[in-house]
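Subject: Structure for your review

Dear colleague,

Please find the structure below, followed by a summary of what was found in it.

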Amino acid sequence: MKAGKSNAVSRKPDSRLAVKKQTKKEKQAAKDPNKPKRAASAFFVFMEGFRKQYKEKHPNNKSVAAVGKAGGDEWKSMTKEDKAPFVAVAEQRKEEYERQMRAYNKKLAGEEDEESDKSQSEVSDEEEEEGSGEVSEEEEDDD
C-alpha cells in the first residue's frame, strides 16, 4: 500500500458560515456617564488616608501593590474601635449614593414616560397631517 492522502479532505471553515464571537466588552452594555459612582467601603475610605501616609514614609516606593499590601495588613490589625470612624464615613457616603441613585432613577423613569406619552399611531398621524398641509398648498398654486 502506498501512503497517501485519506479520502476525508480537511477544509478550513467557510468564512461565510463562521459565527463571530462577541468579546467581553461587546457583551457589556454601554455605561451611562451620568450614573452616580458607587460608594466606597470602609476599607477604601481608610486607604485614602493611608496612601498619603505611606507615600510620606516611603517616597521612593512606586509599587501600587506594595501600598495595597501594607494597607491591607494595617486594616487587618486594627480593632473595631479603630475602624469605627471609617465605617461611619462609609455609611454616610452610602446614604448619599442611595439618594443620588433614587434621583437618577426618577430622572430615567421621567424621560421614558415623556417618550411613551404618544403612541406610534399618534406620531404617524401628526406626520401625515404635516405632509398633507404641504400638498394642499402646492395644489392651490396649480389653480
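A search of the whole structure finds eight aromatic pairs; rings of Phe, Tyr and Trp (its six-membered ring) pair if their centres lie within 6.5 Å, and planes under 30 degrees apart count as stacked, over 60 as edge-to-face and the rest as tilted. One of these is the tilted pair of F43 and F46, with 6.4 Å from centre to centre and 40 degrees between the planes. Please note that this is a predicted model, in which local features need pLDDT of at least 70 and side-chain atom pairs count only at pLDDT 80 or more, while totals for chains, interfaces and linings use all residues. Residues are numbered from 1 along each chain as its sequence is written, and side-chain values use heavy atoms, with hydrogens and water left out.

F43 and F46 lie three residues apart in helix α2 (residues 42-57), so about one helical turn separates them. Helices (H or I, at least four residues) and strands (E, at least two) are DSSP runs, numbered from the N terminus. F46 is buried at 7% relative accessible area, whereas F43 is partly exposed at 24%; buried means under 20% relative accessible area, exposed over 50%, and partly exposed in between (1.4 Å probe, protein chains only). Ring pairs also join F43 and F46 with F44, F50, Y54, W75 and F86 in a cluster.

Leaving aside residues up to four places away in sequence, F50 touches V67, A70, G71 and E74 (contact means heavy atoms within 4.5 Å).

There are two salt bridges, each defined as a side-chain nitrogen of Lys or Arg within 4 Å of a carboxyl oxygen of Asp or Glu. In one, E48 meets R93 at 2.9 Å, N to O. This pair links distant parts of the chain, since E48 is in helix α2 and R93 in helix α4 (residues 80-116), 45 residues apart. E48 is partly exposed at 35% relative accessibility, and R93 is partly exposed at 33%. In the other, the closest N and O atoms of E96 and R99 are 2.6 Å apart. E96 and R99 are three residues apart in helix α4, and so about one helical turn separates them.

Yours sincerely
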